[in-house]
Amino acid sequence: MHRLIIERLAQDLSVLSNAAKTAHEAAIHEENVPDNKYDTLSLEASYVAQGQANRAQELKRALQAYQRLTLHPFGEGDSIRLTALVTLEDEEGTAKTFFIGPQEGGLKLQPDGEEILVITAASPLGSELIGKSLGDEVELGSSCYEIVDVC
């Protein structure tokens, strides 16, 4: 899972960096120099370039955090903490799997066809899971889930 997250972040960073460069080039291109105060193509391109550059920096920091991340082994009875892969099951038997990472909550991965959602310890679900163990229950909204696997 850790390797997949790093690969995905590196790929996303590469795509976003290229997009930011393209937007920056559009912002400074001679054909986009404004002819009058209503010609805002260059200004709009600079806003896009800045937004993409900011997001690229966020991805770069997240990638570095995951590259430095030490994975912790989990044994039976261990409490959930950062780097845990946690599977929850609802009352109908529907299972959902989450990886608790330091950043990039919301990232979805599908190794072997199973969807795994990255969450952070600061997220509502992450803070609910931290410190719990296999067999404990957590409430999310109006639903109750049992922790059926931690690794």
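Contact, as the word is used in this tour, means heavy atoms within 4.5 Å. The structure is a predicted model, in which local features need pLDDT of at least 70 and side-chain atom pairs count only at pLDDT 80 or more, while totals for chains, interfaces and linings use all residues. Residues are numbered from 1 along each chain as its sequence is written, and side-chain values use heavy atoms, with hydrogens and water left out.

**First stop: leucine 9 and the cores**

Select leucine 9 and display its surroundings. Neighbours within four places in sequence being set aside, leucine 9 is in contact with Leu59, Ala62, Leu63, Tyr66, Glu104 and Leu107.

Buried means under 20% relative accessible area, exposed over 50%, and partly exposed in between, with a 1.4 Å probe and protein chains only. The largest core has 16 residues, of which Ile5, Leu9 and Tyr66 touch the most other members. At least two residues of this core come from each of α1 (2-28), α2 (41-68) and β4 (116-120). Helices (H or I, at least four residues) and strands (E, at least two) are DSSP runs, numbered from the N terminus. A separate core of 14 residues lies apart from the largest one; Ala84, Leu88, Phe98 and Ile119 are among its members.

**Second stop: salt bridges**

A salt bridge is a side-chain nitrogen of Lys or Arg within 4 Å of a carboxyl oxygen of Asp or Glu. The structure contains five of them.

Select arginine 3 and glutamate 7. Their closest N and O atoms are 2.9 Å apart, forming a salt bridge. Both residues belong to helix α1 and are four residues apart, about one turn of the helix. Arginine 3 counts as exposed because its relative accessibility is 53%, whereas glutamate 7, at 41%, counts as partly exposed.

At 31% relative accessibility, arginine 55 is partly exposed; glutamate 104, at 18%, is buried.

A further pair to select is glutamate 128 with lysine 132, whose side chains meet in a salt bridge at 4.0 Å, N to O. Glutamate 128 is partly exposed at a relative accessible area of 30%, and lysine 132 is partly exposed at 23%.

**Third stop: backbone angles**

Most residues other than glycine have a negative phi. Select threonine 83, in the loop between α2 and β1 (85-90). Its phi is positive, near 80°, although threonine 83 is not a glycine. Threonine 83 is buried, at a relative accessible area of 5%.

Return to glutamate 104 and inspect its backbone. Here, too, phi is positive, about 65°, in a residue that is not a glycine.

Colour the strands one by one. In what order do the six strands of the open sheet stand? The order is β3-β4-β2-β1-β6-β5, and the pairing is mixed. Two strands pair if DSSP finds at least two bridges between them. β3 and β5 are the edge strands, each pairing on one side only.

Select β1 together with β6 (residues 143-150): these strands pair in the antiparallel sense over five bridges. Within this pairing, glutamate 89 stands opposite glutamate 146 in β6.

On to β5 (residues 137-140), which pairs with β6 in the antiparallel sense over four bridges. Glutamate 139 has cysteine 144 of β6 as its bridge partner, and glutamate 137 has glutamate 146 of β6.

End the tour at glycine 141. In the hairpin of β5 and β6, which has two residues between the strands, glycine 141 takes a positive phi near 65°.

Conventions: Core = buried A, V, L, I, M, F, W, Y, C linked by side-chain atoms within 4.5 Å.
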